[in-house]
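Start with the fold as a whole, then follow the chain into its core.

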Amino acid sequence: MGGFVEAARDRVRRARTALDAAKEAGDAYAVAVAEDELEDALRIAEAHGVETEGEQ
């Protein structure tokens with residue numbers, strides 16, 4: 001399960017990075033897309049008991 005855990009955490013990190021970049025760019029559409037991706041990544045991680053709080 002280690003590979004899944006790392007992949008889930010990586011997806012959360014990438015989604016948070018994309019959201020930060022979209023906000024910095026002032027791109028409302030990219031913010032909405034990134035928020036949806038982050039929400040989905042967090043939902044999947046939580047469903048499988050993957051801790052993501054410290055992932056940046």
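Helices here are DSSP runs of H or I with at least four residues, numbered from the N terminus. This is a predicted model. By that definition, α1 is followed by Gly26, whose phi is positive, near 70 degrees.

Now step back. The protein has two helices and zero strands. Its C-alpha atoms fill a box of roughly 35 × 15 × 15 Å along the principal axes. Among contacts with a separation of 6 or more, 63% join residues 24 or more positions apart.

Take α1 next. Its 24 residues should span 34 Å at 1.5 Å a residue, and because its end C-alpha atoms lie 35 Å apart, the two values agree. Which residues of α1 are buried? They are Ala8, Val12, Ala15, Arg16, Leu19 and Ala22. An α-helix has 3.6 residues a turn, so residues three or four places apart point the same way. The cover over the buried residues of α1 includes α2. Ala15 gives a local view: beyond its neighbours within four places in sequence, Ala15 is in contact with Glu37 and Leu38.

Then the core. The largest nonpolar core has eight residues: Val12, Ala15, Leu19, Ala22, Val31, Ala34, Leu38 and Ala41. Both α1 (2-25) and α2 (28-47) supply at least two residues of this core. In soluble globular proteins, nonpolar side chains tend to be buried together.

Buried residues make up 25% of the 56 residues. The accessible surface is about 3,800 Å², with 51% belonging to carbon and sulfur atoms. The protein carries 7 positive and 14 negative charges, and their mean positions are 4 Å apart.

Technical notes. Residues are numbered from 1 along each chain as its sequence is written. This is a predicted model: local features need pLDDT of at least 70, side-chain atom pairs count only at pLDDT 80 or more; totals for chains, interfaces and linings use all residues. Side-chain values use heavy atoms; hydrogens and water are left out. Buried means under 20% relative accessible area, exposed over 50%, partly exposed in between (1.4 Å probe, protein chains only). Contact means heavy atoms within 4.5 Å. Accessible areas come from the Shrake-Rupley method with a 1.4 Å probe; for residues, only the protein chains shown count as cover. Lys and Arg count as positive and Asp and Glu as negative; His and the chain ends are not counted. The place of a charge is taken as NZ of Lys, CZ of Arg, CG of Asp or CD of Glu. A nonpolar core is a set of buried Ala, Val, Leu, Ile, Met, Phe, Trp, Tyr and Cys residues joined through side-chain atoms within 4.5 Å. The expected span of a helix is 1.5 Å times one less than its number of residues.
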